[in-house]
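User: I'm new to this structure and would like a close look at one part of it. Could you walk me through the metal site and what surrounds it?

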Amino acid sequence: MSELDLAIRGGTIVTASDMYKGDIGIFDGRIVAISDEITGARQEVDASGLWVMPGGIDSHVHIAQDSGPGIVMADDFASATASAAAGGNSTVMSFALQKRGQSLRQSVEDYRKLAEGECFVDTSFHLIISDPTPAVLGQELPALVKDGYTSFKVFMTYDDLVLNDRELLAVFDVARREKALVMVHCEGYDTIRFLAERLEQEGKVAPYYHAVSRPEVVEREAAHRAISHAQLVDVPIMIVHVSGAEAMEQVRWAQRRGLKVYAETCPQYITLTAEDLDGLGMEGAKYVCSPPPRDAESQKAIWEGLSQGVFQTFSSDHCPFRYDSPQGKLNPKARSSFRWVPNGIPGVETRLPILFSEGVSKGRITPQTFVALSATNHARMYGLYPKKGSIGIGFDADICLWDPKRKETLRQEILHHGSDYTPWEGFEVTGWPVATFVRGKIVYRDGEVLGDRGHGQILARGISEYVGA
Ligand code: DUC
Ligand code: ZN
Ligand code: ZN
């Protein structure tokens, strides 16, 4: 082997299974040596006192996604991936959205153009299917799966995105045939409409009523329906952004019956509650996301799910809008009803500190479970393993140096996203990313995003390990 490009020395290496002291040798963007002591590399980084973990993989972020008339997402690929890097992440997965009437292939090509040459970290795309025409199901999807777009998201709500049961079954069936993984947004369209109309008639239009219009039973009913459809078709599914005890019980029920039902949860569901939407004036709009945050009991249930393996992945569901903007949370129609407040909150940069602090620092999960939930399982779930997701010989040198003792207060002024606020303003954490490497190159260090915009590659992915052979 030629001389090493880089050695990361003296740190504590943490993977999904182990924790030990060691040095890491990197050549040509990959990990080529792990040993007690590595000397003679062209460059050395001193990691003493730090944990050396696989770079975070956030498999659920929204970037530059079309959000309807007059509404603009706060992040483009440059700002979102800078923010991801500053949060200790080396890979993100965002969504190429098919608008109704549009070819899926065209949507992907258009979306890809927005990302090319713009990313600080590696990036890959899921597909959002809103119009499962015979051409989409019969030709476009199979071809796109072969090209490395091996996962797609479907919605059970939203006027522009909702699929009916017949359409869900048709998409599930293609996923089964092509061995793709379907991610399902479980909230029932008709139940939400019914409740939202009733609330509006009663004049209950403030942001808080967003949460009232989407109670846990709405998510639980949809989760059960999605699980039943998946059982019928015999296909694995991933239920994304599970918010509380009731939907989680459905997942656990399915898992106990041996069904391949997987689940994701997010920082908002372990730290925020519906009460956060009940702020002064429009302040609650800062917390409007779907499903909405629940209550303390649900948070407790989610922690149980995280520590007991009900959840495979912990993602941010980063979906950033500006608060004080006519194209964001305070758009001209937002005051007339919660229905017009854009759905989503920023979080790609704060995901890892929140999970680490609330999980590892408070003794709820082990360091190894933290790595599994924040990196390794994402790579396995979405076909990036064993290229990404762990620290081992042959893996990409995607590495996060982490200070497990550093205390920080989350504040808008220290973040790199395009939003003008964070829902976690003033939230105190213990544990903080010090540096992020993507394929051996440093992209973030000590509060500063470094490196070339454009270093991040757009990745094709293989078949999910959870879908199987
Ligand atoms: N679903 C998401 O996954 N993200 C934001 C909004 C939504 O409904
Ligand atoms: Zn969703
Ligand atoms: Zn999302």
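**A zinc site and its surroundings**

Along the sequence, the donor residues of the zinc ion (ligand 3) follow the spacing H-x1-H-x254-D. Keep in mind that this is a predicted model. The donors themselves are H60 through NE2, H62 through NE2 and D317 through OD, at 1.9 to 2.0 Å from the zinc ion (ligand 3). H60 sits in the loop between β6 (56-58) and α1 (77-86), while D317 sits in the loop between β13 (313-314) and α11 (351-361), so this pair ties together parts that are 257 residues apart in sequence. Both H60 and D317 are buried. There's also a neighbour to look at: the zinc ion (ligand 2) is 4.1 Å from the zinc ion (ligand 3).

Now follow H60 and H62 to a lysine, K153, which touches both of them. K153 belongs to strand β9 (residues 151-155). With a relative accessibility of 1%, K153 counts as buried, because the cut-off for that is under 20%. Leaving aside residues up to four places away in sequence, K153 also touches F95, L127, I128, I129, M183, H185, V240 and H241. The unreviewed UniProt entry puts the feature "modified residue: N6-carboxylysine" at K153.

From here, let's step out to the nonpolar cores. The largest one has 103 residues, and F152 and I237 are those with the most contacts inside it. Domain 1 (6-54 + 387-449) and domain 2 (56-369) both give residues to this core, so the core lies between them. As for I237, its contacts beyond four places in sequence include F172, L181, V182, V184, A226 and Y262. Another core, of 20 residues, lies apart from the largest one, and F95 is among its members, along with L161, M238 and L384.

Finally, here's how the two domains meet. The C-alpha centres of domain 1 and domain 2 are 27 Å apart. In the contact between them, 39 residues of domain 1 meet 46 residues of domain 2. About 3,200 Å² of area is buried between the two domains, and carbon and sulfur atoms give 64% of that.

Conventions
Residues numbered from 1 in each chain as written. Chains lettered and ligands numbered in written order. Predicted model: local features only at pLDDT ≥ 70, side-chain atom pairs only at ≥ 80, totals over all residues. Heavy atoms only, no water. Donors = N, O, S within 2.8 Å, 3.2 Å for Na, K, Ca; no water. Helix = DSSP H or I, 4+ residues; strand = E, 2+ residues; numbered from the N terminus. Buried < 20%, exposed > 50% of the residue type's maximum accessible area, 1.4 Å probe, protein only. UniProt positions renumbered as here; feature names shortened; annotations may be inferred. Contact = heavy atoms within 4.5 Å. Core = buried A, V, L, I, M, F, W, Y, C linked by side-chain atoms within 4.5 Å. Domains from an automatic or database assignment. Buried area = accessible area lost by both parts, 1.4 Å probe.
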